[in-house]
Amino acid sequence: MDNTNREGWVYSEVVKEHFLNPLNFLMGDENKYEHDAEGIVGNPVCGDQMKMFIRVENDKIVDVKWKTYGCASAIASTSALSELAKGKTLDEALKIGPEEIAEFLGGLPKHKFHCSVLGHEALAEAVKNYHKKS
């Protein structure tokens, strides 16, 4: 799918929507959000950092919040992943890979695919930390 246009925007409309209107973004003090576990990952090369917070009931992710420092792809990838993970069991959520995130977004430029990888890794880290606590 070719996501380019005459103005130079190289992202799909879905990426644009998740970037401009991100879902499940954690506003304010993260210490005030009740969560069962969190995961944080970063990429020192591009400077992106993602932090994912999960609430779990009966082995299902009932809520996901996140904070991301990064580009449009990083923000959109985390927003999309938060929607994809809600309602899934922890094992199902771990199976949401970077390809599924990118596909949900209508594709990502090749040089931005790593953003979907970071989202996947942040969620995996949160699940790992949840298992450590339980």
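This is a predicted model: local features need pLDDT of at least 70, side-chain atom pairs count only at pLDDT 80 or more; totals for chains, interfaces and linings use all residues.
1. Setting aside neighbours within four places in sequence, Asn129 contacts Ala37, Glu38 and Gly39.

2. Three strands make an open, antiparallel sheet in the order 1-2-3. Strand 1 (37-42) and strand 3 (60-69) are the edges; each has a single partner strand, so one side of each has no neighbour in the sheet. From one strand to the next, the twist averages 15°. Strand 2 (residues 49-57) pairs with strand 3 over nine bridges, and Met50 stands opposite Thr68 in strand 3.

3. Which helices lie across these strands? Helix 5 (residues 114-133) lies across strand 1, strand 2 and strand 3, at about 145° to strand 1. Helix 2 (residues 72-85) lies across strand 2 and strand 3, running at about 175° to strand 3.

4. In soluble globular proteins, nonpolar side chains tend to be buried together. Here the largest nonpolar core has 33 residues, and Met52, Ile54, Ile61 and Leu123 touch the most other members. Helix 2 gives the largest share, eight residues. Leu123 is worth a look in your viewer: beyond residues up to four places away in sequence, Leu123 touches Met52, Ile54, Ile61, Leu81, Ala85 and Ala93.

5. How many salt bridges does a search of the whole structure find? The count is six. One of them joins the side chains of Lys51 and Glu30 at 2.5 Å, N to O. Lys51 lies in strand 2 and Glu30 in the loop between helix 1 (13-20) and strand 1, so this pair ties together parts 21 residues apart in sequence. Both residues are buried, Lys51 at 16% relative accessibility.

6. Lys51 also meets Glu38 in a salt bridge, at 3.5 Å, N to O. Glu38 is in strand 1, so here the parts tied together are 13 residues apart in sequence. Glu38 is partly exposed, with a relative accessible area of 29%.

7. Lys128, at 41% relative accessibility, counts as partly exposed, and Glu125 is partly exposed at 24%. Elsewhere, salt bridges with shared partners join Glu30, Glu38, Lys51 and Lys67 into one network.

Methods:
Residues are numbered from 1 along each chain as its sequence is written. Side-chain values use heavy atoms; hydrogens and water are left out. Two strands pair if DSSP finds at least two bridges between them. Helices (H or I, at least four residues) and strands (E, at least two) are DSSP runs, numbered from the N terminus. Axes are lines fitted to C-alpha atoms, for helices over the stretch in contact, and angles run from 0 to 180 degrees between N-to-C directions. Contact means heavy atoms within 4.5 Å. A nonpolar core is a set of buried Ala, Val, Leu, Ile, Met, Phe, Trp, Tyr and Cys residues joined through side-chain atoms within 4.5 Å. Buried means under 20% relative accessible area, exposed over 50%, partly exposed in between (1.4 Å probe, protein chains only). A salt bridge is a side-chain nitrogen of Lys or Arg within 4 Å of a carboxyl oxygen of Asp or Glu.
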